[in-house]
Amino acid sequence: MRIHRALAAIALGLVATTASAAEPGDVIQPDNLGMNMITWNLSKGTHSTVADAQVLSEFVGAHVYAWKDVRLGMQLQFSEQLAPDPKAGDRFRTFALLPQIGWNIHEPFFVAAIFTYAPRSNGMASTILGVQALGGVAFPVAKGIKLTAALEVPYNFYPDQTIGLTPLVGATFTL
């Protein structure tokens, strides 16, 4: 019974950790998982949903706060098609470089503007260019650790014009 109380006290202490504003020079490592729920191909007049393909994306990177609450960073995206088997290419669907600028607008909310350069897409060497808007929340759970949930709206303009909707969950670590 004492172990349960100790674990409950530790968990309560982790959740009660207060947030602090990010200062210039602070470095963070955000790690997220996401899955595109729907994509509209505006060039072809078609759409696809998670019912058509389940592609899980992992986003890892590093960001530095250049100004109070404003960060510059780079994420790497790795995406794998879980189901069904791809019609073209292999299961490793996407590799992308995602330079971005983010802003902690008001604790716990943040936004980011992202540029997409994906030299690998659709399971082969095929470049996609685009931009993304992202908004989310980050809740501290321990010193230097926040759990995050976000919604991303990717808009690709090359080679086709597409727009999608991707929910993300993850953690951010202060380095």
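Select Gly-61 and then Gln-75 in strand S5: the two are bridge partners. The model is predicted; local features require pLDDT of at least 70, side-chain atom pairs count only at pLDDT 80 or more, and totals for chains, interfaces and linings use all residues. Residues are numbered from 1 along each chain as its sequence is written, and side-chain values use heavy atoms, without hydrogens and water.

Next, display S4 together with S5 (residues 70-83); these strands run antiparallel and are joined by 13 bridges. Strands are DSSP runs of E with at least two residues, numbered from the N terminus, and two of them pair if DSSP finds at least two bridges between them. S4 and S5 form a hairpin with two residues between them, and Asp-69 in the turn has a positive phi of about 65 degrees.

Return to S5 and select Phe-78 together with Phe-95. Their rings form a tilted aromatic pair, 5.4 Å centre to centre with 50 degrees between the planes. Rings of Phe, Tyr and Trp (its six-membered ring) pair if their centres lie within 6.5 Å; planes under 30 degrees apart count as stacked, over 60 as edge-to-face and the rest as tilted. Phe-78 lies in strand S5 and Phe-95 in strand S6 (residues 92-106), 17 residues apart. Phe-78 counts as partly exposed because its relative accessibility is 33%; Phe-95, at 23%, is also partly exposed (buried is under 20%, exposed over 50%, partly exposed in between, with a 1.4 Å probe and protein chains only).

Notes: Helix = DSSP H or I, 4+ residues; strand = E, 2+ residues; numbered from the N terminus.
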